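Biologist: I have the sequence and the model open. Could you take me through some of what was computed?
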Amino acid sequence: MSKHSNISIFVPHIGCPHKCSFCNQNAITGVSDIPRAADVRRVCEQALRDGVNPPDTEIAFFGGSFTAVPRWYMTELLDAAREYLSLGFRGIRLSTRPDAITPEILDILACSGVTAIELGAQSMCDDVLTLNERGHSAHDVEATSGLIKSHRRGFSLGLQMMVGLYGSTPEKDIYTAKRLIELAPMEVRIYPTVVLKNTRLGELYSEGKYQTYELESAVELCSTLLEMFEDAGIRVIKLGLHSSTDVERDMLGGIYHPAFRELCEARRFRNEMKSLSVKSGMRECVFYVRPQDLSKALGQHRENIRYFDDLGIKVEVKPRPGQSKKLCLSGWEDETCI
């Protein structure tokens with residue numbers, strides 16, 4: 001099966017009615033210029049020359065509050081993107097604010113070939129939303145999600161959350177995940193908070209009024225969130241900010257690692273291997289995994305193996321082609337799999 005991809009076009013800050021505490025989109029996206037129709041066509045043409053497979057590809061508008069931009073500008077960009085749908089592209093994806101969607105806007109998006117809408121929920125705790133100057137409530141997220149899902153177009157709903165915001169706690173982040181799961185989106189993105197220069201969060205951080213999670217606790221938390229969403233049948237299409245020299249240049253602190261998702265996936269394997277080894281009472285364990293999961297089970301630089309060495313447990317991890325289960329412990333109750 002071909003891998004899904006996006007042709008990403010960033011629309012930074014345009015249309016945002018609020019300056020959220022964490023937001024410096026020029027650093028996050030690496031883009032400061034405002035794209036026009038010609039830029040949309042140029043990006044799509046370049047993607048075709050690069051060999052993108054249209055049926056597996058969406059044209060995506062990210063970075064700002066797309067449906068809050070001036071109407072003429074929104075339709076200009078959508079019209080340019082729609083020209084390429086006849087070539088077999090999967091559709092158009094966009095991200096926006098929960099308070100920037102109306103039935104009228106949804107009708108316009110439906111006629112323009114939009115197939116997926118992502119809402120920046122960030123938190124489902126109103127106190128956290130207020131402290132971070134989001135300008136919308138958790139109720140707005142609920143109401144708008146229902147509006148999108150009930151539209152005749154059948155949009156795919158995506159929700160985005162942030163971990164470790166000002167005023168949040170791991171318990172509040174888990175609460176947010178539970179509330180988002182209740183809204184039954186098709187997919188979610190999880191963004192650990194990175195503190196950037198030229199933001200309100202940066203000021204609070206520099207003044208000592210805000211502390212971010214340590215990387216270790218963020219990995220443990222996000223591995224739990226990843227499991228929660230996947231157990232609910234909701235795809236996590238992004239976990240962590242993409243690797244960016246702009247972010248690395250402008251960040252003051254926060255939760256950032258260029259392979260953050262891999263750290264979380266490895267932590268899930270570690271926790272599951274530990275659970276099985278404790279239940280079995282075995283001090284020498286051989287785990288079998290699917291070949292594609294071998295690196296996750298070993299951990300970056302074999303950190304999971306070293307972790308068990310420190311506990312006095314000898315662990316081997318072996319790939320087994322054709323295995324359907326994620327993880328099998330050999331030799332305990334014949335073979336125990338999860």
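Modeller: Let us begin with helix α3. The buried residues of α3 are covered by elements that include α2 (37-49), β2 (57-62), β3 (91-96), α4 (103-111) and β4 (114-122); contact means heavy atoms within 4.5 Å. Helices (H or I, at least four residues) and strands (E, at least two) are DSSP runs, numbered from the N terminus.

Biologist: Which residues of α3 are buried?
Modeller: They are Tyr73, Met74, Glu76, Leu77, Leu78, Ala80 and Ala81. Buried means under 20% relative accessible area, exposed over 50%, and partly exposed in between (1.4 Å probe, protein chains only).

Biologist: How do α3 and α4 pack?
Modeller: Their axes lie 10 Å apart, at an angle of about 25 degrees. Axes are lines fitted to C-alpha atoms, for helices over the stretch in contact, and angles run from 0 to 180 degrees between N-to-C directions. The two helices are therefore roughly parallel; angles under 35 degrees count as roughly parallel, over 145 as roughly antiparallel, 65 to 115 as roughly perpendicular and the rest as oblique.

Biologist: Which residues make that contact?
Modeller: Arg71, Met74, Thr75, Leu78 and Arg82 of α3 meet Glu104, Ile105, Ile108, Leu109 and Cys111 of α4.

Biologist: What should I know about the model itself?
Modeller: It is a predicted model, in which local features need pLDDT of at least 70 and side-chain atom pairs count only at pLDDT 80 or more, while totals for chains, interfaces and linings use all residues. Residues are numbered from 1 along each chain as its sequence is written, and side-chain values use heavy atoms, with hydrogens and water left out.

Biologist: What pLDDT does the chain average?
Modeller: The average is 93, and 95% of the residues score at least 70; pLDDT is the predictor's confidence in each residue, from 0 to 100.

Biologist: Changing topic: is glutamate 187 buried or exposed?
Modeller: Glutamate 187 counts as buried because its relative accessibility is 2%. This residue belongs to strand β6 (residues 187-192).

Biologist: What does its side chain join in a polar contact?
Modeller: The side chain of glutamate 187 is joined to that of arginine 235 at 2.5 Å. A polar contact is a pair of N or O atoms within 3.5 Å; within protein, one must be able to donate a hydrogen and the other to accept it, and residues adjacent in sequence count only if both atoms are side-chain atoms.
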